[in-house]
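This report covers aromatic contacts, charges over rings and a surface patch. The sequence and structure come next.

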Amino acid sequence: VRRAEMGHDDHHATVSTVQSFSERVSISAQHMVLGVAVVGASCALLWWNERRSVLAAKAYSKVRKEVVHVEADQILRDYNGRLVHLTGEITDGAKVPVVDTLFKVGAVGQYLKLKREVEMLQWKEEKKVTKTDHVGGKQTTKTDYSYKKVWARTRLNSEGYHLADSHLNPPMRASCAVFQAASPRLGVFTLSSAAFDQANPYQPAVLKESSITAAIPARLGERDNANSHKETVFTKADEHWYYDSDGQEIGSLRVRYYAVPTNLVVSVLGQQTSTGAIASYPTGVEGFDILSLAIGTVEPQTMLNSLVASNKILKWALRFLGFACNCLGLSLLSSPLVAGLAVIPAVSGVTEAGLTLIIIPAAFSLSLGVIIPAWLCAHPLSLLVVAPLAGLGAAYALGYFATE
């Protein structure tokens, strides 16, 4: 592969790459091997998804008659180990104010949770690729690189940028975090951390402080030792707190807070333990224990219906993902054909368009060919109906063709 730099300015660069016909054929062979792996993984995903979906449906159906409603103001030992449903307000048994341990700030009022969202201004690389085929099979690839400033919650990996030296993102000196009540309770019951994590009706929080400070690592270039810490002052603008008031310098931070208020009414579905806690309820189907929290007063059957609906959404999402992966895998498998016909650009373009029309229905048929037998294996009783019908259909077809 031969590369030619066509020029660049401070925030833009263009690179031209030329591949010979033999190089394209060699790369297409690698793509074909990758395509086999992608198709195999996709079919495995589709098969696993059908089994997972059926197991989840069985687990949720099994417990519908097992759930019992209990009051949140008393613990009845007779229900230890049972699947229980209760409704009430979440309170903090420890009654300790929730504060940000890094910035040492809290919100006005009483809150169960305080979420800190931190964003850093950094460089983001964007690429625009244009490919041109030539007679004889050569291909020229023109790549335009451009850079812009964006706010992001995690550091963008700039080491692989084309103009990395002049667009290097510094380390994140603070990150997003959640601070929450030490002892969440629902009436006299203790909520497990897994249940409490589902109580997330966040709303913008008003801080008690008029300014915030924190000892955070200095930015690259601010000190000889980049890991040193300094007292940093943040100033408020719009709904954020900014380090660097203009917010225009790479490495600038901005912070925003959200909170979950106390006395939040929720409904919980889970196992009552002997210690008076609400934990995951084992359904007997591995991987599908039940521990669900809903905001407001929600009936137990409605909560179970929500779990069933979520399972169906996930099932169809994974089916679509498997179909998309099959499209990608079949496209990779066809790479040698596209490369072989690249000697004539006009033919190559028509071939790629035609392959697209073939790959999509082929991927759909392949996905369906995995989903149907996987579904039948997950529903053994269905085979008692499908197998005889398939046998009759095959016998009729053989008889018909023999007669003809």
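## Aromatic pairs

The structure holds three aromatic pairs. Rings of Phe, Tyr and Trp (its six-membered ring) pair if their centres lie within 6.5 Å; planes under 30 degrees apart count as stacked, over 60 as edge-to-face and the rest as tilted. The rings of Phe 320 and Phe 323 have centres 6.4 Å apart and planes at 50 degrees, so this pair is tilted. Both residues sit in helix H3 (residues 300–333), three residues apart, about one turn of the helix. Helices are DSSP runs (H or I, at least four residues), numbered from the N terminus.

Phe 323 also pairs with Phe 364: centres 6.5 Å apart, planes at 80 degrees, so edge-to-face. This pair links distant parts of the chain, with Phe 323 in helix H3 and Phe 364 in helix H5 (residues 345–378), 41 residues apart. Ring pairs join Phe 320, Phe 323 and Phe 364 into a cluster.

## Model and numbering

This is a predicted model: local features need pLDDT of at least 70, side-chain atom pairs count only at pLDDT 80 or more, and totals for chains, interfaces and linings use all residues. Residues are numbered from 1 along each chain as its sequence is written, and side-chain values use heavy atoms, with hydrogens and water left out.

## Charges over rings

Lys 115 lies over the face of Tyr 202, at 4.2 Å from the ring centre. Arg 319 lies over the face of Trp 316, at 4.5 Å from the ring centre. The criterion: NZ of Lys or CZ of Arg within 6 Å of the ring centre and within 35 degrees of the ring normal.

Note on methods:
Helices (H or I, at least four residues) and strands (E, at least two) are DSSP runs, numbered from the N terminus.
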